[in-house]
Amino acid sequence: MTQFSKHQDTLKKYFEKFDLSQFKLPTLPDWFWPPFQAFLFSRMVVWLAGYFGEIMIKAGWEKDFYHLSPDNIFLDILARWDSGFYINIVEEGYMLVYGRISNVAFFPLYPMLTSLVDVLFNNPLLSGVIVSHISFLIALIYLFRLTTLLCDEDTAKRTIFYISVFPTSLFFSAVYTESLFLCVSVAAVYYAHKRNWELATIFTLLAGVTRITGLLVFGVVGLEWMRSHGWTLLTCYKKEAWQNLWQGIKKDWYSLLFILLAPLGLLSHMAFLGDQFQDPMAFWSVQSAFNRHNLGFLGILMRDFVPILSQNFWTGGIWWNVLLDTSAAIFALAAAPFVLRRFGEGFAIYILLSVLVPLSSGTGSMTRYILVLFPLFMLMGVWGQRESVHRFFQTFFPIFLGIFTAVFVNWIFLA
Amino acid sequence: MIKQDDQQDRSSLLTWREKLLALRVLIPSWEEVKSNPALQTRAKKLGLFLLVLIVFNIGLYIFLGPTWFEPTYEGYYTDEFVNFNEKDWFEIDGDWKVSNGMLVQNSYVDINPAIMLSLHALPEDTVEFSADLSIGDGGDAGGIRFNMWSPEQIARSHQVMIMRIGDQAFLTGGYYANSVDFVPQFKLPLAGPFEENSSGSIKVVADQESYDVYLNKKLVVLDVPTIYPPGWHGLSAIGNTVAFDSIEIDIDGADRETSRGLADRLFGNDDAESFVEKMAQIPNEGLDLIIPADGDPESIGWIPFNGIWTERNGSLIQSMWQQVDARAAYEVPYPSYRLEVDLWHPQTPGGGGVIFGMPSTDSLSNAYLMRFSDGGEGFFIGQYDSNGQFEGMAFEPLPAVGQEVQTLSVINDGTTFEVTLNDKPIFGQLPHSGADSHFGLVSNQTEVVFDRIFIEPFDAPKRVELQPVGTESEQESEDSPSESSDSAAVADSTVAETNASTDDTQASTIPISPELENITQEPVFQSTFLGTLGETKWVPFRGDWSIEEGALIQSNKNGFDFAIGYNEPYENFVLRSTFSHTDGQGGGVLFGMTRPDSRNLAHVVRYDSGQNAILYGYFDENSQFSAQGGEAVAPPLNNLHQLDIVKNSDTYDIYVDGLKLIGDIPLIAKGAYIGLTTSTSVVRFETVELFPLGSSDGQPAAAEAPPATATPTVEPPATPTAEPVEPEPVQAEESAEAESPTATPQPSEEAETVETTDEETSESTEPESEPAAAESGSFDQAVPISGSWIPENGEISQVANDMVDQVLSLNQFGTEYSFEVDLTMVDDPETENVGAGVVFNTPTADSKNEGQIVRFLNGGSEIIWGYFDENGRFNGQGGSGVGLEPGSRQTLTLVVRATTFDIIVNDNTVAADLSLRSTEGGYVNLITFRGPVTFHETRFSETEPTDS
């Protein structure tokens, strides 16, 4: 036996011991990949459209606006308009100037998480982008699981795809609160439907300190708790519903008490504002500076939408952003009954209030506001069972996402 | 059945209470948790929730806490804006720049510009913040911002400003709420109209409870509650051209104890909220408004009708400053009495007084009201009719009363009322019904402190103390402007006279007229009022004047102070005018006029257009009327009245219809012209006469000399005389000066400077045709054209510090002459660019336009020369450094010939043979740039033609 054959035997024995068939790559759960794929695809659209929109289109007024990262366009394009407020909060903390636009109008969770991440990167813009993207990915996962829970996996896949490529979904990447709010609100509702009231409460608390409309999530979770104990708005006229509710309170009072702790987040924030600025409602006190005046949603629709009807669509002389915002509001309101029918009153009320409250003071930014109304996208997911509908969404949403992104990065106010 | 239900309810209540008290339902024991996995899970989730909540709260403070400004200064700061450090200031709005040692707001676009100083006070500090400011013609308000929550914003700050609303100036204060709306806390009208470029000093002493406001170092507003505690500080303005000359902030160096004691008497411990509630209250709500804090005025007999009346520390205080004629009546009526009230005004110059003759405590029918006018410029009395409508009767002008204690007394003898102020009778013989009547206190739109109120029966010498004084007011004995014993004697005699008089409206008029009786000479001037106005020497300059049917008539009743002057100067005289009012009342005379065509620096004596009184006073150089007094007289109606003015060298007396009204009034305006005046009335002047002053007053008779000597330079000679001046003895020193060697052509020998005193001038009676080669060592005939000129001890000073030219007309005309002026410019770093000099060869006496100018720059470091064009714009022709010491006396000499002139400074020729723009000669005026500048003496001498 030659020396070589000795070595061959050793290797053979060695490989005989090492069974490749037993080696497995660690597998991610099934609920990860669809959201991840939607995330990757949609963010690629956003980044490419944003990048080329920024370098190809020269509107001429870019120099009049801030550019937080002029040396890195991929980052810079994700900070526009309100992003400056969040970055300002991260850098200098809250500020309150009565009668003028103040960053205290913005809720604390997003800038707080950005600050936390910024401890590692020392780059508020990068930190904000990271928070937005991670939040968005988690939001998609929760939305996928929630929709799977309430419908089926195919509907869930369509839902997360539609919301990922929705024309204004660029805000999920930007330094805005949309992704974080979607994340915590969907998570709260998901755990509510999973009857994990403690986690639902924690995420409801976080939703309440992400945006003012987070309070509505508290209502959704609360209604879900009542529904879980046999009481719904549609059956509230029945004695049995109340009997069921009473039994639920007696039996599951602990969960109810826990849910009622959710507003502690907002109260903490108000206590902080009261301590620092002697004005617990400072976020509300400065709203007038943002030029929002309460006229009632009908008055707003009359003010903003009716004039559009007399404008010249052929020449393009229209208020395109008002048209988009108003259309988005009308679409959401029109979809509410379908949501009610398919997903129950909790989601429907959530949509109605989420639209009507801001609509009472203006149609502005409505296309962005409806972005986080996940029941709308779940409804679209259901509608997407029809191939034609699915193809419509699948075709036009990414196209408009690219257009809107190019518009957004060029400092044209979109929403 | 009922009992069973009750038992069941009670049972269920007890069950719930037991459940709640036990808390075991909510908090299980540790053993239960250990043995129960479900409880363990709950505990973990609860712990997780609490962890999230805690982390969130910590994160708020760690990551999102606001970045507060670090103040640059603490404790003390003063700035005169010489070395201005912009980094120490935050500009909120406006365009703030430092210019010439002042911080000026120049933006006319921003609504409420403000600039904040990086100086912070703690809430528990006491802050004293003062600022000197001026408001130009483009500004509406300027003031200080204090107790600011943030240096970056307007909201949550206090503000005190001097503000112009129309022509009226106000002192306003308040705060900016969260809404950035300004909430006023006080608004006080300031005496006199708002004037452009008016300046003032505002000081605020503030702590976290309240603040006091001083205007021009005088405490005017007390104890206004602070809504926001001490914090940041700044300045604010409305409109442009608001300039701040200096500021001073002293944190915790202020001592509010003095004012706090006084403040407590006014507002006590009212907190901000209740004060604001008071502010929001609308008057005319009657008795419900009365909320005594410490004591109940009603318990001591006072029945408040409106306002807020409180008794505190022995004083009765009306503190609701919004209330019009707030009053409280004493509940006990008296048939006759002597009431004495000591009162003072802590916030405004006036507004307090008394009401008497009230038929009941709540009725004003036929009652009299007398009180200080709101601006404190006088004291008036009037009566309510049976319907409660007030009608004024008389007005007594007074010097500003300020915060001095004033003593008012009312003597009711059962049939009439007599009123005295500070023991001086001012109104008398006021009819009284004879029945028992009430009296009361009144306060009009201000706080009034009634320190002492006592009453004694008219027929009983013992005083009845109505309101015991806790501590005797120090001001009562020290500050009260009581009259001298002589005055008191006069007052007593006046009362006696008036009591004996049957005339019910001229109680204070003493019918003695020895001076008038001594007038036996022919008048030196007697108006004829024939022909047309243009044919006379009457110079109308306001109003519609005409001569009709042998009388001079002013026929426009829509306006004040219409006037006409007589273009002939006279010295000491008795001016007599007879006139009647065709419509309204307000006719009178002018005298002491410096010019016949201006009321500036002129005395006026006339019927008051609003009250039955004769007003007397004078107009200053800015046409502002300064009252010297007023005397109640009978209404003039349409009757013919005679007004006599006995004008001495330093005083004057007033006679109405042959009766002496008042005498020995200081003569302020000493010009030589007379005139007539009307206000809101149509007046027919029948005669105007001037009599030489009799010897009874010790003045030389017939002193009204022809104009040549007494007023030698009012008009230029028709043709400049070529005759040499009668040489006066020349003093050796001046001869030496004149002969001092110079490099320039010297004045001819005839041009020797002559210096005379006033006495010498008055004694010399040169014929009118004599040239005005005069020699003027004083400034008696000088007329301010602009600026603030103060004559004193034969010198005259221009004290206005504005950065503009200020001109004094000398009424001196010449074609070829030598003119010397001795002057001193202030030595002050603040006015380092002060200048002074001469404007000459001006076509008119009252303007610098088209004149040559020679003046010093920067306190005397340089001298410049040039001319003003017809629009008053300066055109330089040359200049030279002279390097004079600021603050020292300098002599500027001009030798003016037909076409050229020389400039000599302290005997050193600076420039010679400079070309004149005009060869026609002209007037010589003095000019300053800023101030103060004192002109000690001028010497003018005409010379022989030399270079024509």
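How many residue pairs are in polar contact between chain A and chain B, both at pLDDT 80 or more? In this predicted model, the count is ten such residue pairs.

**Extent of the interface between chains A and B**

- The contact joins 40 residues of chain A to 29 residues of chain B.
- Of the area that chain A buries against chain B, 21% is supplied by A:Y98, A:M112 and A:F272, which is more than any other three residues supply.

**Polar and charged links across the interface**

- Alongside the ten residue pairs in polar contact, both at pLDDT 80 or more, the count of salt bridges between chain A and chain B is one.
- A salt bridge is formed by A:E198 with B:K45, and the closest N and O atoms of A:E198 and B:K45 are 3.4 Å apart.

**Make-up of the chain A side**

- The elements of chain A that give two or more residues to the side touching chain B are α4 (83–92), α5 (109–121), α9 (197–208), α12 (253–259) and α13 (264–277).
- Helix α13(A) gives the most to the side of chain A that touches chain B, contributing eight residues.
- Sorted by class, the side of chain A that touches chain B holds 25 nonpolar residues, together with ten polar and five charged residues.

**Cysteines**

- A disulfide is a covalent bond between the sulfur atoms of two cysteines.
- Over all chains, the count of disulfides comes to zero.
- A:C183 has a relative accessible area of 6% and is therefore buried, since buried means under 20%.

- B:T677 lies in strand β44 of chain B, which covers residues 673–678.
- With a relative accessibility of 2%, B:T677 counts as buried, because the value is under 20%.
- The side chain of B:T677 reaches the backbone oxygen of B:F562 at 2.8 Å, and B:F562 is also one of the residues that B:T677 touches when residues up to four places away in sequence are not counted.
- On that basis, the residues touched by B:T677 also include B:W545, B:D561, B:A563, B:V604, B:R606 and B:F685, as well as B:G586, B:G587, B:G588, B:V589 and B:L590.

Terms used:
Residues numbered from 1 in each chain as written. Chains lettered and ligands numbered in written order. Predicted model: local features only at pLDDT ≥ 70, side-chain atom pairs only at ≥ 80, totals over all residues. Heavy atoms only, no water. Contact = heavy atoms within 4.5 Å. Buried area = accessible area lost by both parts, 1.4 Å probe. Salt bridge = Lys/Arg side-chain N within 4 Å of Asp/Glu carboxyl O. Polar contact = N/O pair within 3.5 Å; in protein donor to acceptor, adjacent residues only side chain to side chain. Helix = DSSP H or I, 4+ residues; strand = E, 2+ residues; numbered from the N terminus. Nonpolar A, V, L, I, M, F, W, Y, C, P; charged D, E, K, R; others polar. Disulfide = S-S within 2.5 Å. Buried < 20%, exposed > 50% of the residue type's maximum accessible area, 1.4 Å probe, protein only.
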